[in-house]
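Biologist: Hey, can you walk me through this model? I'd like to go over the contacts in it.

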Amino acid sequence: MRIGFLIIDMQKIFLQDQVEKKMVDQACEYINYVAYSLRSNGHLVVHIQDIEGMDNQEANIDLYNFISEIQIDEGDAVIKKEYSNAFWKTDLEQLLQNHEVELVIISGFAAEHCVLFTYNGAIERGFKPVILQKGILSTHFDAITSTYRDRNLISYPVIDSLVSN
């Protein structure tokens, strides 16, 4: 089974001074581990970058960059989006289809917005989505709890088991 790993909106503009540093570091540790594991086994890693509101001023552009804690490999894909659902008016669906992805693992920011809407978008397009346990963030802790309660969840040991077969 081919896996696609989506890392959503892990950008300075959303995380600096918005989410507790300790929580960001913990999520990044899980995200980076899973990304490395999947890359090493030939699966697709996609960084989703929200560009809504970005203008061409240099200071503004820097805020939209990914945080340095997220490791990006030269083989990773980057999809730019302007809407909460990373599938809406982007090439994400085609990219996943081109790589014959069936299972979509979703991580990143924010649990109650872009993570949730992209999860739903994956279902609508026939993919099997799961949320990476300990790999999502929000400015509202209860949003993380409800996401874990109400959505399919996957842990990194299960991912390791899937890719080692």
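Biologist: Before we start, what kind of model is it?

Modeller: It's a predicted model, so treat every value below as computed from predicted coordinates.

Biologist: OK, core first. Which residues touch the most other members of the largest nonpolar core?

Modeller: Phe-5, Met-10, Leu-38 and Ile-105 do, in a core of 27 residues.

Biologist: And which elements each supply at least two residues of this core?

Modeller: Strand S1 (2-8), H2, strand S4 (101-109), S5 and H7 each do. H2 gives the largest share, with eight residues.

Biologist: Switching to rings. How many aromatic pairs are there in the whole structure?

Modeller: The search turns up four aromatic pairs. One of them is Tyr-33 with Tyr-156: the ring centres are 5.1 Å apart and the planes sit at 70 degrees, so that pair is edge-to-face.

Biologist: Where do Tyr-33 and Tyr-156 sit in the chain?

Modeller: Tyr-33 is in helix H2 (residues 21-40) and Tyr-156 is in helix H7. They are 123 residues apart, so the pair links distant parts of the chain.

Biologist: Are those two tyrosines buried, exposed or partly exposed?

Modeller: Tyr-33 is partly exposed, with a relative accessible area of 39%. Tyr-156 is partly exposed too, at 34%.

Biologist: Which residues do ring pairs link into a cluster?

Modeller: Tyr-30, Tyr-33 and Tyr-156.

Biologist: What about Phe-87 and Phe-127, how are their rings arranged?

Modeller: That pair is stacked, because the planes are at 20 degrees, with the centres 5.9 Å apart. Phe-87 is in the loop between strand S3 (77-81) and helix H4 (92-98), while Phe-127 is in the loop between helix H5 (111-124) and strand S5 (128-137). The pair therefore ties together parts that are 40 residues apart in sequence.

Biologist: And are Phe-87 and Phe-127 buried or exposed?

Modeller: Phe-87 and Phe-127 are both buried.

Biologist: Charges next. How many salt bridges do you count?

Modeller: Nine salt bridges. Asp-76 forms one with Arg-39, where the closest N and O atoms are 2.8 Å apart.

Biologist: Where are Asp-76 and Arg-39?

Modeller: Asp-76 is in the loop between helix H3 (58-63) and S3, and Arg-39 is in helix H2. The pair links distant parts of the chain, 37 residues apart.

Biologist: Why does Asp-76 count as buried?

Modeller: Because its relative accessible area is 12%, and buried means under 20%.

Biologist: Which partner does Arg-125 have?

Modeller: Glu-93, with the closest N and O atoms 3.5 Å apart.

Biologist: How about Asp-150, what does it pair with?

Modeller: Arg-149, and the closest N and O atoms there are 2.8 Å apart. Asp-150 is partly exposed, at 42% relative accessible area, whereas Arg-149 is exposed, at 61%.

Biologist: Which residues are linked in a network of salt bridges?

Modeller: Asp-9, Asp-50 and Lys-81 are linked that way.

Biologist: New topic. How many disulfides does the search find?

Modeller: Zero in the whole structure. For Cys-28, the nearest cysteine sulfur is that of Cys-114, 16 Å away. A disulfide needs the sulfur atoms within 2.5 Å, so that distance rules the pair out.

Biologist: Are Cys-28 and Cys-114 buried or exposed?

Modeller: Cys-28 counts as buried, at 2% relative accessibility. Cys-114 also counts as buried, at 8%.

Biologist: Last one, the surface. Which residues make the nonpolar patch?

Modeller: Met-1, Val-158 and Leu-162 make a nonpolar surface patch of about 260 Å². Val-158 is found in helix H7 (residues 156-164), and this valine is partly exposed, with a relative accessible area of 40%.

Technical notes
Residues are numbered from 1 along each chain as its sequence is written. This is a predicted model: local features need pLDDT of at least 70, side-chain atom pairs count only at pLDDT 80 or more; totals for chains, interfaces and linings use all residues. Side-chain values use heavy atoms; hydrogens and water are left out. Patches are made of residues with over 30% relative accessible area and no salt bridge: like charges are joined within 9 Å, nonpolar side chains (Val, Leu, Ile, Met, Phe, Trp, Tyr) within 5 Å. Accessible areas come from the Shrake-Rupley method with a 1.4 Å probe; for residues, only the protein chains shown count as cover. A salt bridge is a side-chain nitrogen of Lys or Arg within 4 Å of a carboxyl oxygen of Asp or Glu. Helices (H or I, at least four residues) and strands (E, at least two) are DSSP runs, numbered from the N terminus. Buried means under 20% relative accessible area, exposed over 50%, partly exposed in between (1.4 Å probe, protein chains only). Rings of Phe, Tyr and Trp (its six-membered ring) pair if their centres lie within 6.5 Å; planes under 30 degrees apart count as stacked, over 60 as edge-to-face and the rest as tilted. A nonpolar core is a set of buried Ala, Val, Leu, Ile, Met, Phe, Trp, Tyr and Cys residues joined through side-chain atoms within 4.5 Å.
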